[in-house]
Amino acid sequence: MNNVGNKVLLTATGIAALAAVASCGLGASVEEKSNGHVKAVSYDTGKQGKANPDARLPSWVPDDARSVTELIRTTGSERILRYQPGLSGLPALCKPGKAEAKAPTLTADWWPAGEHKRMDKDCGGWHVAVEADGVFAYQTETVANADK
C-alpha cells in the first residue's frame, strides 16, 4: 500500500473511532438528561441522616427513626423515603393531607407499587403514609421543592 492509501485508511479508521466514541457520549448524555441523577442514602437513625448536609434528610423525620433509606434526584427535588418508626411517631407538623395523584418516577425495591395513592398525611410538603411495614414519604418534582 502506498502513502496515500495509508493516509486514507488511517483517516477513515480515525473518523470511525471518533464517531463511535462520540455516539457513546451522546447516548449517555441523552439518558442522563431524561432520567436525571439519583443518589441513594441510608442511615441507622434519623438523627444520623440529619447530620449529613449533602443528603438533607427532612427535618420532620424523627431522630429515633430507624433504618432510614432515601432516593434523591440530584438534578431536581423528587425524593422517596422509607423508615421504621421509633417511639416518637410523626411530629405535629404532619397534618392530614391528600394522596398524590402523580406516581414517583424514582423506583426502588423497597418502594411498594401504588404507594403514592395511600399517602394521607402532609409533612412540610412531603406526602406520607404510615404503613404496617414502615413510614413511606414522597416529595414530588416541583420548582417550589428545589430548596427543601
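The torsion about the S-S bond of C94 and C123 is about 125°, so the disulfide (a pair of cysteine sulfur atoms within 2.5 Å) is right-handed. C94 sits in the loop between β3 (79–84) and β4 (95–96) and C123 in strand β5 (residues 121–123), so the bond ties together parts that are 29 residues apart in sequence. The S to S distance between C94 and C123 is 1.9 Å. A search of the whole structure finds 1 disulfide. Both C94 and C123 are buried, where buried means under 20% relative accessible area, with a 1.4 Å probe and protein chains only.

This is a predicted model, in which local features need pLDDT of at least 70 and side-chain atom pairs count only at pLDDT 80 or more, while totals for chains, interfaces and linings use all residues. Residues are numbered from 1 along each chain as its sequence is written, and side-chain values use heavy atoms, with hydrogens and water left out.

The protein chain has 2 helices and 7 strands, which are DSSP runs numbered from the N terminus (helices H or I, at least four residues; strands E, at least two). From the N terminus on, their order is α-β-α-β-β-β-β-β-β.

Values for the protein chain follow.

| Item | Value |
|---|---|
| Buried share of the 148 residues | 30% |
| Share of contacts with a separation of 6 or more that join residues 24 or more positions apart | 53% |
| Share of the accessible surface belonging to carbon and sulfur atoms | 59% |

A contact means heavy atoms within 4.5 Å. The accessible surface of the protein chain comes to about 8900 Å²; accessible areas come from the Shrake-Rupley method with a 1.4 Å probe, and for residues only the protein chains shown count as cover.

Notes:
Buried means under 20% relative accessible area, exposed over 50%, partly exposed in between (1.4 Å probe, protein chains only).
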